[in-house]
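Please look at the sequence and the 3D structure below. The report after them goes through selected parts of the fold.

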Amino acid sequence: MRIPEWTTERKPQPAELVQAILARRGGTLINLDKALLWSEPLARGWNTYLKAVRSELPTSLRLRELGICTVALLTGAKYEYHHHAPDFLAAGGTQAQLDALNAFVRVDPRGLPNDPALNELDRLVIRYAAQMTLDVQVSDDVFDALRQHFDETGLVELTCAIATYNMVARFLVALQVSTEK
């Protein structure tokens, strides 16, 4: 990491904030937390916001994680992929789908994913995440196709998850946050 790992000795933070992060993480701070805790307002806001994005949205967790994995691969955020590929699998995704995503990103991330391991909606979510990540602008044909699968709430939640993890990826990559040992 480009900055020192946060510790309470280096920069004390309110105990309730650290406890809230520990509770969300299952009792262990990860390296991302140890970067964010250098700023109390950021750590507090991030913990609340990311908790909502990760665990409180009713839109398909598998599809949100597929979008997040797409972002991670496209931005080179290995840390993000390391943490979210297992979440994708736990949400019902398959290793064959992750392999297809990896191949798509390596070969032609602005093209059309066509691996049979991916269904129509998977391919659409990947294209949406790729356009959001690489071009920011999303084509009308991709967005109109998403409308056939999601209501307004689903569109907002999927878009927000992809946008949020673009932010996370940029934070992780800029600070060179590494995976936990």
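## Basis of the model

This is a predicted model, in which local features need pLDDT of at least 70, side-chain atom pairs count only at pLDDT 80 or more, and totals for chains, interfaces and linings use all residues. Residues are numbered from 1 along each chain as its sequence is written, and side-chain values use heavy atoms, with hydrogens and water left out.

Helices (H or I, at least four residues) and strands (E, at least two) are DSSP runs, numbered from the N terminus. A residue is called buried under 20% relative accessible area, exposed over 50%, and partly exposed in between (1.4 Å probe, protein chains only).

## The nonpolar cores

A nonpolar core is a set of buried Ala, Val, Leu, Ile, Met, Phe, Trp, Tyr and Cys residues joined through side-chain atoms within 4.5 Å. The largest such core has 31 residues, and the members that touch the most other members are Leu66, Cys69, Tyr128, Leu146, Phe150, Leu158 and Ile162. Two or more residues each come from helix 4 (61-75), helix 5 (78-90), helix 6 (95-107), helix 7 (120-134), helix 8 (140-147) and helix 9 (152-175). Helix 7 contributes the most, with eight residues. A second, separate core has 22 residues, including Trp6, Ile21, Leu36 and Val168.

Contact here means heavy atoms within 4.5 Å. Not counting residues up to four places away in sequence, Phe150 touches Thr59, Leu63, Leu121, Leu155 and Leu158.

## Two helix pairs

Axes are lines fitted to C-alpha atoms, for helices over the stretch in contact, and angles run from 0 to 180 degrees between N-to-C directions. Angles under 35 degrees count as roughly parallel, over 145 as roughly antiparallel, 65 to 115 as roughly perpendicular and the rest as oblique. A crossing is left-handed if the near helix is turned anticlockwise from the far one by less than a right angle, and right-handed if clockwise.

The axes of helix 4 and helix 5 cross at roughly 155° and come within 9 Å, so the two helices are roughly antiparallel to each other. Their crossing is left-handed. On the helix 4 side the contact involves Arg62, Glu65, Leu66, Ile68, Cys69, Val71, Ala72 and Leu73, and on the helix 5 side Glu80, Tyr81, His84, Ala85, Asp87 and Phe88. Helix 3 (residues 40-55) packs against helix 9 at an angle of about 135°, with the axes 10 Å apart; this pair is therefore oblique. The crossing of helix 3 and helix 9 is left-handed. Residues of helix 3 in this contact include Trp46 and Tyr49, and those of helix 9 include Cys160 and Phe171.

## The cysteines

How many disulfides are there? A disulfide is a pair of cysteine sulfur atoms within 2.5 Å, and by this rule the count is zero. The cysteine sulfur closest to that of Cys69 belongs to Cys160 and is 17 Å away, which is too far for a bond. Cys69 is buried, with a relative accessible area of 0%, whereas Cys160 is partly exposed, at 27%.

Asn31 lies in helix 2 (residues 31-36) and is buried, with a relative accessible area of 9%. Leaving aside neighbours within four places in sequence, Asn31 is in contact with Met1, Glu5, Tyr79, Val177, Ser178, Thr179 and Glu180. Thr179 lies in the segment after helix 9 and is partly exposed, at 31% relative accessibility. With residues up to four places away left out, Thr179 touches Asn31, Tyr79 and His82.

Leu172 belongs to helix 9 and counts as buried, at 3% relative accessibility. Its contacts, leaving aside neighbours within four places in sequence, are Leu32, Tyr79, Glu80 and Val177. Leu172 and Asp33 are 139 residues apart along the chain, and their C-alpha atoms are separated by 11 Å.

## Residues with positive phi

Which residue in the loop between helix 7 and helix 8 is described here? It is Val136, a residue other than glycine with a positive phi near 65°. Val136 is exposed, with a relative accessible area of 62%.

Gln176, in the segment after helix 9, is not a glycine either, and has a positive phi of about 50°. Gln176 is partly exposed, with a relative accessible area of 43%.
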